[in-house]
Amino acid sequence: MAKKLEFSAGDFVVYPTHGVGRVLEIDQQDISGFKVELIVIKFEHDRMILRVPVEKAHNSGLRKLSSKKIMESALTTLKGRSRAKRTMWSRRAQEYEAKINSGDPVSIAEVVRDLHRADDQPEQSYSERQMYQAALDRLAREFAALEQIDESAAAEKLENMLKAA
């Protein structure tokens, strides 16, 4: 039973732990005597090429870009009030890391919102700044691909939304 492919060459896709990439091709390789169909994805930002077996694409979390509706929900989340908990940073960092690696734009927007510091707020620690930047970059890449704009312009728009909130 042949399964219809969801992805084709040139499509932007999101792999949860790596963010936005572009499908280069659907390739067939012989691995240990088995013919395996692979989705070849290039992540420009990480200078990386990932090969995901077609059969495992869905289970790995590989998906097409979010819809405009989901991205609007993420932007609404971004503009909301910070819900940073008063627990230890190590525990919050684990939660934030899990949200970033989930690949869900709304969860990533929560991390960006919670870690954003206004100019009049106290300075962040190095690890907080690193996590904030990672979340912002991940969200900006998907936003840029969806809006067909440059990543830096997307990041700037997102930061301006945070400042206006």
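Which residues does E128 touch, not counting residues up to four places away in sequence?

1. E128 touches W89, R92, L115 and R117, where contact means heavy atoms within 4.5 Å. E128 lies in helix 5, residues 126–147. Helices (H or I, at least four residues) and strands (E, at least two) are DSSP runs, numbered from the N terminus. E128 is buried, with a relative accessible area of 10%; buried means under 20% relative accessible area, exposed over 50%, and partly exposed in between, with a 1.4 Å probe and protein chains only.

2. On the basis of these values: this is a predicted model, in which local features need pLDDT of at least 70 and side-chain atom pairs count only at pLDDT 80 or more, while totals for chains, interfaces and linings use all residues. Residues are numbered from 1 along each chain as its sequence is written, and side-chain values use heavy atoms, with hydrogens and water left out.

3. The protein has 6 helices and 5 strands. From the N terminus on, the elements run β-β-β-β-α-β-α-α-α-α-α. Along its principal axes the C-alpha trace spans about 60 × 35 × 30 Å. Of the 165 residues, 38% are buried. Among contacts with a separation of 6 or more, 52% are between residues 24 or more positions apart.

4. Helix 4 (residues 105–115) is largely enclosed by the rest of the structure, because 10 of its 11 residues are buried. The buried residues are P105, V106, S107, I108, A109, V111, V112, R113, D114 and L115. They pack against strand 5 (63–64), helix 2 (68–79), helix 3 (89–102), helix 5 and helix 6 (151–164).

5. Helix 2 and helix 4 pack at an angle of about 20°, with their axes 8 Å apart. Axes here are lines fitted to C-alpha atoms, for helices over the stretch in contact, and angles run from 0 to 180 degrees between N-to-C directions. The two helices are therefore roughly parallel to each other: angles under 35 degrees count as roughly parallel, over 145 as roughly antiparallel, 65 to 115 as roughly perpendicular and the rest as oblique. Helix 2 contributes I70, M71, S73, A74, T77 and L78 to the contact, and helix 4 contributes P105, V106, A109, E110, V112 and R113. By class, this contact has 8 nonpolar, 2 polar and 2 charged residues. In that count Ala, Val, Leu, Ile, Met, Phe, Trp, Tyr, Cys and Pro are nonpolar, Asp, Glu, Lys and Arg are charged, and the others, Gly among them, are polar.

6. The largest nonpolar core has 27 residues, and those with the most contacts inside it are L78, V112, L139, F143 and L158. A nonpolar core is a set of buried Ala, Val, Leu, Ile, Met, Phe, Trp, Tyr and Cys residues joined through side-chain atoms within 4.5 Å. Helix 2, helix 3, helix 4, helix 5 and helix 6 each supply at least two residues of this core. Helix 5 gives the largest share, 9 residues. Apart from this core lies another, of 12 residues, among them V23, I39, I41 and L62.

7. V112 touches L78, Y132, A135, L136, L139 and L162, not counting residues up to four places away in sequence.

8. I31 lies in strand 2, residues 19–31. I31 counts as partly exposed, because its relative accessibility is 39%. The C-alpha atoms of I31 and A153 are separated by 42 Å, and these residues are 122 apart along the chain.
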